[in-house]
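I opened the model to look up a few things about the fold and the ligand site. My notes follow in the order I worked.

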Amino acid sequence: MSDQAIAITPNRLSLSDDGLALLFTESRTPRRFLPLPVTDEDLHAIWELTRWAPTGHNSQPMRVVFARTPEARERLLPHLAAGNDVKSKSAPVVAVLAYDTRYHTHLETLIPYNTTLQGHYETNIEERRRKGIFNATLQCAYFIMAVRAVGLAAGPIGGFDRDGINAELFPDGRYESLLVVNIGHIDESALRDRLPRLDRELTVSMV
Ligand SMILES: Cc1cc2nc3c(=O)[nH]c(=O)nc-3n(C[C@H](O)[C@H](O)[C@H](O)COP(=O)(O)O)c2cc1C
């Protein structure tokens with residue numbers, strides 16, 4: 001180890017136990033929300049965090065629609081699976097996270113030193129789609145953690161009719177929905193016991 005590496009180590013930052021609990025160990029997925037407001041400032045703060053997390057080629061292919069009025073939420077409910085609609089109905093905000101099928105058109109700005117990438121993806125549609133969905137899905141995970149980081153609860157919902165939501169929100173076909181996320185203040189009285197997580201012995205190898 002070089003002297004420089006040793007000098008840097010004491011400055012290493014990490015979250016407090018409360019921060020770790022908020023993001024990972026204690027946060028739960030809500031089944032019902034309290035009737036408390038979520039502000040547009042909260043939603044802006046969620047996005048402001050999400051956008052800094054890393055993506056391949058800095059491509060940032062995820063897009064967000066926040067449905068934060070009763071009318072906007074009502075448009076989504078018929079497209080959610082039975083049981084999920086009840087959860088979203090109690091959420092003050094329902095976010096639809098989508099993938100921009102033409103995300104590559106921003107690469108000139110997002111990674112200006114790579115002068116061939118945008119053109120490459122214009123013609124290599126299958127690769128563009130595969131990498132775009134992969135990176136947008138990563139951003140979905142960052143988004144969930146950002147919701148938790150601002151002190152709200154995130155309820156991801158994968159059980160919904162993608163074609164239905166796409167037709168409702170993205171009729172021109174450019175964006176494709178990936179995940180619905182309910183956002184609000186958790187009603188802990190509606191929680192079930194927490195499900196187990198896999199042990200390190202099963203999931204992690206050290207080579
Ligand atoms: C991609 C994804 C899809 C999910 N889809 C649904 C869903 O359709 N309906 C639902 O009630 N919960 C859904 N969940 C919530 C999970 O079941 C829940 O986060 C998990 O059981 C952990 O719960 P906990 O955070 O309370 O420990 C989904 C979660 C993720 C990340």
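**Terms and ground rules**

I call a residue buried under 20% relative accessible area, exposed over 50%, and partly exposed in between, with a 1.4 Å probe and protein chains only. Helices (H or I, at least four residues) and strands (E, at least two) are DSSP runs, numbered from the N terminus. This is a predicted model, in which local features need pLDDT of at least 70, side-chain atom pairs count only at pLDDT 80 or more, and totals for chains, interfaces and linings use all residues. Residues are numbered from 1 along each chain as its sequence is written, and side-chain values use heavy atoms, with hydrogens and water left out.

**Entry 1: helix H3**

I started with helix H3, residues 40–50. Which of its residues are buried? I found Leu-43, Ile-46 and Thr-50 buried. Seen down the axis of H3, these buried residues fall within an arc of 55°, so they line one face of the helix. The arc is taken from the directions that run from the helix axis to the C-beta atoms. I noted the general rule: an α-helix has 3.6 residues a turn, so residues three or four places apart point the same way. On the other side of H3, I found Glu-41 and His-44 exposed.

What do the buried residues of H3 pack against? I listed strand E1 (62–67), strand E2 (93–100), helix H8 (125–149) and strand E4 (175–184). Contact here means heavy atoms within 4.5 Å.

Next I followed the chain into the loop between H3 and E1, where Thr-55 lies. Thr-55 is buried, at a relative accessible area of 13%. I set aside residues up to four places away in sequence; Thr-55 then touches Gln-60, Pro-61, Asn-135 and Gln-139.

In H2, the buried residues are Gly-19, Ala-21 and Leu-23. They pack against H8.

Ser-27 sits in the loop between helix H2 (17–25) and H3. Is Ser-27 buried or exposed? I read a relative accessible area of 14%, so Ser-27 is buried. Its side chain reaches the backbone oxygen of Leu-22 at 2.5 Å. I count a polar contact as a pair of N or O atoms within 3.5 Å; within protein, one must be able to donate a hydrogen and the other to accept it, and residues adjacent in sequence count only if both atoms are side-chain atoms. Neighbours within four places aside, Ser-27 is in contact with Ala-21, Leu-22, Arg-148 and Arg-194.

Arg-28 is in the loop between H2 and H3 too. Arg-28 is partly exposed, with a relative accessible area of 23%. A polar atom of the Arg-28 side chain lies 3.2 Å from the backbone oxygen of Arg-192. Not counting residues up to four places away, Arg-28 touches several residues, including Arg-148, Ala-154, Ile-186 and Asp-193.

**Entry 2: the ligand**

How many residues surround the ligand? I got 13, and the closest are Arg-28, Thr-29, Asn-84, Lys-87 and Gly-158.

An N or O atom in the side chain of Thr-29 is 2.7 Å from an oxygen atom of the ligand. For Asn-84, a side-chain N or O atom is 2.8 Å from a ligand nitrogen. Gly-159 uses a backbone N or O atom, 2.9 Å from an oxygen of the ligand. On its own the ligand has 640 Å² of accessible area, and the protein covers 61% of that. These areas come from the Shrake-Rupley method with a 1.4 Å probe; for residues, only the protein chains shown count as cover.

Which elements give two or more residues to the shell? They are helix H5 (84–89) and strand E3 (153–157).

I also checked Val-86, found in helix H5. Val-86 is exposed, with a relative accessible area of 56%. Val-86 and Thr-137 are 51 residues apart in sequence and 25 Å apart in space, C-alpha to C-alpha.

**Entry 3: the whole chain**

The protein chain has 10 helices and four strands. Buried residues make up 37% of its 207 residues. The C-alpha atoms fill a box of roughly 55 × 45 × 40 Å, taken along the principal axes. The chain exposes about 12800 Å², and carbon and sulfur atoms supply 57% of that.

Key: Near = heavy atom within 4 Å.
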